[in-house]
Amino acid sequence: MRRPSCGSKKKRVLETGPAPGAVAPRRARFNDAQIEMSHGAGGKASRRLVEGLIAPAFANPILAALSDAATFSLGGRRVATSADGYVVRPLRFPGGSIGELAVNGTVNDLAVSGARATALMASFILEAGLPSDVLRAEVEAMAAAAARAGVPIVGGDTKVVEHGLCDGMYISTFGVGEVDERLALDPRSVRPGDKVLLSGPIGDHGITILLARGELDLEANLRSDTRSVWPFVEALLEVCPAGLRWMRDPTRGGVATALNELARDSGLGILLREEDIPLRREVRGACEVLGLDPLHIANEGQVIAIVAADDADRALDAVRSVTGGEGACLIGEVRADHAGTVVGITLYGGTRAIDMLVGDPLPRIC
Amino acid sequence: MTMKYVDEFRDPALITAVAQEIARTVDPARHYRIMEVCGGHTHAIYRHGLHDVLPGNVELVHGPGCPVCVLPTGRVDDGLAIAAQPNVVLACFGDMMRVPGTKGTPLELKARGADIRMVYSPLDALKMAQDNPRTHVCFFAIGFETTAPSTALTLLRARELGVRNFSVFSNHVTIVPAMRAILDSPDMRLDGFVGPGHVSSIIGCRPFEFVAQHYGKPVVVAGFEPLDLLEGILMVLRQLRDGESKVENQYRRIVPWEGNHAALRALATVFELRPYFEWRGLGFISQSALKLKSDFAPWDSEVQFEVPGVRVTDPRAAQCGEILKGVLKPPQCKLFGKECNPEHPVGALMVSSEGACAAYYRYASTELRVEEEARA
């Protein structure tokens, strides 16, 4: 185990109060008449649904943070829990399958909350007529992914619905883990000057699924990036536990949506240098052809971390030293100006606002 | 990570060189208003932050070349009325899915059970009809001369194959009459045009000659990469400096001066001009849209289906027309960013990502949106 090379091992005390210039985050209202696909796409409509309809009914202090995982104290320890449903079509795609996603997705929601998954549970909704071999393959894929992530699947549930009432199979997973005591991740701890670290090229998962549907006459040598991101988090924890302010795995809605949420919750601005954002040629080409912004495309194996400026280089080296993290980059920084928004610096020094995902470019990608 | 035919036109060094040449060409004492006609240009300008590269006295006015934006609400209602008929699939481009009719967007109607599917080409819709012979597939056709030829070829193919469970609801429009309408408008304040690259690849450059000859305004047909656009703007500015007005072609690698004869022939075989057609934000413009010729009546949705055909006016507060003509900029509209935003567009230009207001909202309105958040 490597020794921490910076920061202190004692629990960091959260700097109190909102950042200078912060505006109180505004929670969305939900007035939509019916549920649309966009409510599941992870962008603005999803935010309205959760903040406007679901969260008010369940209102409690733990839920109020509305982060990837809920963290609370249990027997004197900080525990993170996360639940996630998986409805991807097709069930299998280059680089992964619904079973692998179901394990990695929940492991990752815990990881970016600073918790290594201790145990997972899985609930299956199966469609009558689903070939047993398909289910067997997914259960085996889950077992393999869980083994790779070092987490046991300790329980679950199965239900079967009539043929035609679900698309083969849906999986929900629930996970629990212990939050690393050195961490105090909070959007309000983010400060102007902090750097934005991204663990690798974006958009692989979303574009892979889009192409795997076979509805476009496009082919590319691309694979989903689904994997556990815990090794990245662990590497960051080793080198800069105190300088690690906030993390997110940018799934539905992509990097743009995750950073817009941070901008809103912190009351600060995020400035991204577009030339520094890692992107595979194939993803870029597909996005150019289809008119999509790679910053809105889903990832299933990347982390965005906000790290203190002094720790940024060490943090970058640490992530790059992890297998699969070679493509990590510092893509921007936190600013006091542009409060509440994400701004891109284009190749030519121009600026553009980078908004959350509006609508739904890619239905059912996870 | 280079992309052939893209990165050559995004080279920061070349961009800087053209930007400097633009700065040398403009008269600092003069204000320039140049309209980029095409929505693809508008999107590219905001996407690449090109307004920051131009001198402050060169103002870009965003034109009517966004087919989704100029589609009147009544036509959306008509298309959705077809979708509501039993045993009908309405196939449309992804851009259409969030365009609101009076009873909701195609996406909302789909969520309520209407069979509305997104296609990437009219040929996909035809194939859908062939694969589902007991269902009628109606293709909701939109677009300028850029997309009209593919609709025409699809109809020729449908006739050749004898596919009878397929029809086209044509909302194709033509760009030249819209430019003429803007030029004839009394509050028009434009100095020149960046002409539409994709449309011109079909119709060529000649149809724009009236702009130079009768109205004395330069037109430069340009491509969609940052370098194309800046070069096009530079060519307009040079004409203005030299007191010239002519049609020039910056996009020679794609646009032949005389256009694409095969595509034009297909258009002439299938379509004829409507006497008049309504444009959102601009009103009725004569001979500005395409309908199917009577030979193609069996494939014409407007013949095969009863549609309400009711005109729906935009809310009076929406100032789309003024923005289209360059009289106002998007944030100067009373509704911009408030009642009218990309999730709930009220006016035409907020509808598609190529619309001036949507592009402005998405890429340029940082300060405004912060104010909006703070107000709420």
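Residues are numbered from 1 along each chain as its sequence is written, with chains lettered from A and ligands numbered from 1 in the order in which they are written. In this predicted model, local features need pLDDT of at least 70 and side-chain atom pairs count only at pLDDT 80 or more, while totals for chains, interfaces and linings use all residues.

Q: Which helix supplies the largest share of the side of domain 1 of chain A that touches domain 2 of chain A?
A: Chain A is divided into domain 1 (67-179) and domain 2 (187-353), with bounds from an automatic or database domain assignment. The contact, which requires C-beta atoms placed from the backbone to lie within 7 Å, takes 19 residues from domain 1 of chain A and 20 residues from domain 2 of chain A. With helices (H or I, at least four residues) and strands (E, at least two) taken as DSSP runs numbered from the N terminus, the largest share of that side of domain 1, eight residues, comes from helix 2 of chain A.

Q: Which strands stand at the edges of the open sheet of chain A, and why is one side of each left without a neighbour?
A: Five strands of chain A form this mixed sheet in the order 1-2-7-5-6, where pairing requires at least two DSSP bridges between two strands. Each edge strand has a single partner strand, so one side of each is left without a neighbour in the sheet; these are strand 1 (70-74) and strand 6 (153-161) of chain A.

Q: Over how many bridges do strand 5 and strand 7 of chain A pair?
A: Ser123(A) stands opposite Ser172(A) in strand 7 of chain A. Strand 5 (residues 115-127) and strand 7 (residues 169-179) of chain A pair in the antiparallel sense, and the number of bridges is eleven.

How values were computed. Two residues are in contact if their C-beta atoms, placed from the backbone, lie within 7 Å.
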